[in-house]
Every structure is written in C-alpha cells, then in structure tokens.
Amino acid sequence: MQRTKTLVALAAILSAGASLTLGGLTLAGEPLNGGLARIDKDGDGKVSPAEWTTERAGLFKKLDADRDGKVTLDEITQFYLKAAPADDPKTQKRIDAVTAADKDGNGDGKVTLAEITALADREFKGRDKDGDGFITGDDK
Ligand SMILES: [Ca+2]
Ligand SMILES: [Ca+2]
Ligand SMILES: [Ca+2]
C-alpha cells in the first residue's frame, strides 16, 4: 500500500507542474510561456540558441518591407502599427527592442541582419538566467 500512496503523491506533484528532480534527472519543469513556446519549434520545452536566432532572422525578414537588407525605423513602425495602435505601450517597446540593435551596431538608423543577430545573442544570454544554454520556464 505504501507504494501506491507514493505514486499518487508523485502524480499530484507532476500534475501541479512542479519541477521534480530525481538523481539529477528533471522530470518536469515550468512550461514555457506563450511567446517562448511559439519559438520552441521542436517542442522540447526549451528554446535553443538556434531556435532563438531563427526566430529573430524571421522577424527581420518580415520587418524589411522593401527587402533591401536593412530595416529602417519607418519599416519597423509600419510593421508594429499593424499589430497594435501607436499609443499602445507594447508598440513602443517592440520598436525600441529592434532599434536597440542599431544602437549596439553602427547607429546609422538602419538595422541589418548582422546587427539583429548580434543583439539576439546577447538577449539569449541575458534570458538564460541559470546559464544552462537554453531558455526554459525555469529561467526567471
Ligand atoms: Ca526547442
Ligand atoms: Ca528595408
Ligand atoms: Ca536556461
């Protein structure tokens, strides 16, 4: 009977979404939030550096409306205004996030794929709080 009780308790812990580590093997961690789950293409519950960079490169392509390989503030603004109005605080945050790539690059007012990739690298390292090389729900 003791064994049955233990299994019931284990099932309760797992269904609560808690992280349970047995001998270094993590059975279940915090799930990824919506935005990160979308980036997690292979669905393993972790965002790898490759998945992160691929997402950023995909965003760059969408932003570069005239496909000249550079994203201007105008292109960024037009893109995000389709998602939310100008007075939505999210709009300015999204615009700032992309223009930060230019400030970290050569500051010519245009963002290149190289600049956005370099920024993505640093963002990834900043979000991988426990430094295990992946962004997971446990990185808070
Ligand atoms: Ca993944
Ligand atoms: Ca462009
Ligand atoms: Ca991590």
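Is Ala65 buried, partly exposed or exposed? In this predicted model, Ala65 counts as partly exposed, because it has 13 C-beta neighbours inside 10 Å and a residue needs 20 or more to be buried, or 12 or fewer to be exposed. Ala65 sits in the loop that runs between α3 and β3. Leaving aside residues up to four places away in sequence, Ala65 touches Glu75 and Gln78. Glu75 is 10 residues from Ala65 along the chain, and the C-alpha atoms of the two are separated by 6.4 Å.

Arg67 turns up in the loop between α3 and β3 (70-72) as well. Most residues other than glycine have a negative phi.

Now for the inside of the model. The largest nonpolar core has 16 residues, and those touching the most other members are Val47, Val71, Val98, Ala101, Val111, Ile116 and Ile135. Two or more residues of this core come from each of α3 (49-63), α4 (73-83), α5 (89-104) and α6 (113-127). The largest share belongs to α6, with 3 residues.

Not counting residues up to four places away in sequence, Val47 touches Leu36, Ile39, Asp40, Trp52, Phe134 and Ile135.

Conventions: Residues numbered from 1 in each chain as written. Chains lettered and ligands numbered in written order. Predicted model: local features only at pLDDT ≥ 70, side-chain atom pairs only at ≥ 80, totals over all residues. Core = buried A, V, L, I, M, F, W, Y, C linked by C-beta atoms within 7 Å. Helix = DSSP H or I, 4+ residues; strand = E, 2+ residues; numbered from the N terminus. Contact = placed C-beta atoms within 7 Å.
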